[in-house]
Amino acid sequence: MQQKSKLFLQALKYSIPRLGKCMQKQHLNHCNFADHYYNRIKLKKYHLTKCLQNKPTISELARNIPSRSFSSKDFLPIKQENEKSLSKNMDVFEKVRTKLETQPQEEYEIINAEVKHGGFVYYQEGCCLVRSKDEEADNDNYEVLFNLEELKLDQPFIDCIRVAPDEKYVAAKIRTDDSEASTCIVVKLSDQPVMEASFPNVSSFEWVKDEEEEDVLFYTFQRNLRCNDVYRATFGDNKRNERFYTEKDPSYFVFLYLTKDSRFLTINIMNKTTSEVWLIDGLSPWDPPVLIQKRIHGVLYYVEHRDDELYILTNVGEPTEFKLMRTAADTPAIMNWDLFFTMKRNTKVVDLDMFKDHCVLFLKHSNLLYVNVIGLADDSVRSLKLPPWACGFIMDTNSDPKNCPFQLCSPIRPPKYYTYKFAEGKLFEETGHEDPITKTSRVLRLEAKSKDGKSVPMTIFHKTDSEDLQKKPLLVHVYGAYGMDLKMNFRPERRVLVDDGWILAYCHVRGGGELGLQWHADGRLTKKLNGLADLEACIKTLHGQGFSQPSLTTLTAFSAGGVLVGALCNSNPELLRAVTLEAPFLDVLNTMMDTTLPLTLEELEEWGNPSSDEKHKNYIKRYCPYQNIKPQHYPSIHITAYENDERVPLKGIVNYAEKLNEAITEHAKNTGEGYQAPNVVLDIQPGGNHVIEDSHKKITAQIKFLYEELGLDSTSVFENLKKYLKF
């Protein structure tokens with residue numbers, strides 16, 4: 001059986017607009033584009049090893065292409081305080097950045113797209129697609145299947161790999177860091193591997209084998225960030241390539257998923273609130289597909305298969321949260337669905353994995369992680385509460401029916417392996433070196449009361465030995481859109497900040513997905529202001545409980561998280577000292593009224609339709625960051641934008657920065673001499689990607705900005721940062 005490189009909801013989440021991922025990971029809309037490739041992090045006894053993907057970093061690529069930065073200093077020259085110390089910090093920053101860009105990696109090994117199949121491991125080595133014997137995967141003994149340089153792309157990398165069932169072909173999706181465009185190549189495996197075909201703009205793809213033992217590749221074609229067409233292709237002597245399905249509703253997105261047992265290929269047709277799934281028989285892929293259930297507005301469902309039964313994760317019925325149902329594969333319609341397992345209130349389903357005799361649910365309940373192991377023979381359920389330091393799952397590829405491996409991580413702690421062994425009925429954790437951060441830091445889970453009485457969860461990190469936390473700098477994180485969880489994967493720059501005395505706070509406001517589907521519903525459309533009220537309550541609660549103070553408080557967000565951050569800067573700027581934003585969505589009204597943009601129609605369920613609904617238009621005007629800029633004091637703001645970003649139009653970000661500078665200038669003139677104006681820095685980077693998470697240039701520039709704005713000595717933080725950043 002071919003091993004999947006992504007699991008059930010993870011595969012959908014990182015590829016479908018409504019679920020994101022980005023992760024990494026993953027999310028095709030004005031918000032977060034989750035992690036653009038599925039990877040895992042290996043710790044080799046906490047030793048520094050070489051990354052399989054030997055390609056220049058983004059900062060190295062951008063070094064020879066000038067970026068553009070604009071600052072309020074250009075509009076209103078103001079003498080800076082602490083000029084001497086800031087100059088000193090600047091010198092330190094430049095020296096350390098030079099080291100960061102020249103020193104070899106020292107801490108972690110990142111393994112990108114990797115698939116095990118038939119005793120081989122398929123992965124990227126340098127600029128090549130290679131395979132090696134499973135037992136030799138960590139050695140240098142591998143076979144080169146294809147050289148990516150043949151595609152004439154700038155610094156290509158492998159995003160996803162699929163191997164044909166009988167291992168005659170391997171397909172790989174190739175991307176570059178500065179673009180979301182992708183190419184799918186098909187390589188014929190033989191004594192002398194050769195590229196059989198290539199297809200542009202492929203989103204998802206899967207192999208099946210027909211009745212005559214012929215490999216058939218199904219793939220979806222993406223155009224202007226919309227994915228509406230499904231194709232199927234064969235190779236060798238019987239070559240053909242034909243369009244198989246077209247979704248005519250532009251608000252829907254099409255994605256392929258092969259059930260874990262490879263019995264069915266599912267065509268998932270989804271928008272923000274509704275889904276429809278068709279089954280293609282994995283044994284007879286040329287037969288017409290079977291509809292499971294026609295789309296019903298507001299009903300979401302996802303499908304797995306085991307022993308002639310479909311397991312359906314759906315929100316149908318009351319309460320409108322996800323529940324697990326099942327039905328016979330030959331009677332898939334909704335009237336035949338039987339309730340199998342329900343979730344507790346305030347529970348987020350992170351993922352589901354299906355095994356021969358067990359179903360494993362990965363859950364987040366009341367801001368803590370759980371694994372529920374369901375015995376399919378006796379319907380028994382075992383719920384395992386995971387360590388309180390853990391904030392996120394990383395799903396591991398797995399075809400072993402006896403074990404369920406996964407990783408746990410947090411923003412300041414690298415992933416750690418865990419394995420649930422079905423025979424023993426126990427969870428085993430990786431042994432070996434214990435990360436020192438477990439003893440030197442503390443994780444707290446608190447709640448803030450929003451103005452309507454709703455409890456809003458927060459996750460807080462700080463050093464164990466920190467004294468007088470009120471005098472420590474605070475970095476607040478927020479997202480609050482699309483039902484997506486706030487990203488809490490390991491980030492080395494966050495760990496360095498905690499080591500340097502910072503407090504990190506993650507605010508899980510309404511509009512996100514941390515407490516389930518209703519948590520999202522309570523923060524979208526004409527309830528978007530709930531997320532803003534939650535964010536304000538979180539920051540005030542932090543200050544009230546002795547975590548930092550407004551003059552040392554900073555706020556960060558990316559993509560759709562920029563809506564709440566920009567709104568807070570307009571409504572309560574006194575709570576903040578500085579803000580960093582990446583590819584922020586700041587001009588909601590004008591963007592959502594422009595139906596020529598590729599994602600506007602997909603986004604109507606999240607933001608509303610201001611073009612045709614006056615209620616939606618007036619509501620958006622109440623919180624839209626661009627619409628509510630006014631002459632007043634603002635926190636200093638650093639914005640990173642990307643020149644050819646198709647998801648968040650650059651025009652809206654530039655207009656926001658210009659209007660903000662005008663308001664700051666007007667306020668400064670009315671305030672008189674001696675007023676210390678905030679800095680507004682707009683850093684426009686080249687490229688067409690949406691968010692580049694591992695950009696060293698971006699990370700170091702943001703940290704430098706925060707330290708300068710707070711008047712802090714950055715010497716130690718940049719010295720520590722160089723140990724981690726060379727991925």
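Helices (H or I, at least four residues) and strands (E, at least two) are DSSP runs, numbered from the N terminus. The model described here is predicted.

**Backbone**

Glutamine 155 lies in the loop that links strand 7 (143-147) with strand 8 (156-163). Leucine 525 is found between two helices, in the loop from helix 6 (517-521) to helix 7 (528-544). Neither residue is a glycine, yet phi is positive in glutamine 155 and in leucine 525. Most residues other than glycine have a negative phi, and most peptide bonds are trans.

| Residue | Phi | Relative accessible area |
|---|---|---|
| Glutamine 155 | near 55 degrees | 25% |
| Leucine 525 | about 50 degrees | 21% |

Buried means under 20% relative accessible area and exposed means over 50%. Glutamine 155, at 25%, is therefore partly exposed, and leucine 525, at 21%, also counts as partly exposed.

The peptide bond between glutamate 318 and proline 319 is cis, with omega about -10 degrees. Proline 319 sits in the loop between strand 21 (309-314) and strand 22 (323-328).

**Nonpolar cores**

The largest nonpolar core contains 95 residues. Val476, Leu535, Leu555, Val588 and Trp607 have the most contacts inside this core. Helix 12 (residues 650-671) contributes the most to the core, namely 8 residues.

Which residues does leucine 535 contact, leaving aside its neighbours within four places in sequence? The contacts of leucine 535 are Val476, Val478, Cys507, Val509, Leu555, Leu564 and Leu568.

Technical notes: Residues numbered from 1 in each chain as written. Predicted model: local features only at pLDDT ≥ 70, side-chain atom pairs only at ≥ 80, totals over all residues. Heavy atoms only, no water. Core = buried A, V, L, I, M, F, W, Y, C linked by side-chain atoms within 4.5 Å. Buried < 20%, exposed > 50% of the residue type's maximum accessible area, 1.4 Å probe, protein only. Contact = heavy atoms within 4.5 Å.
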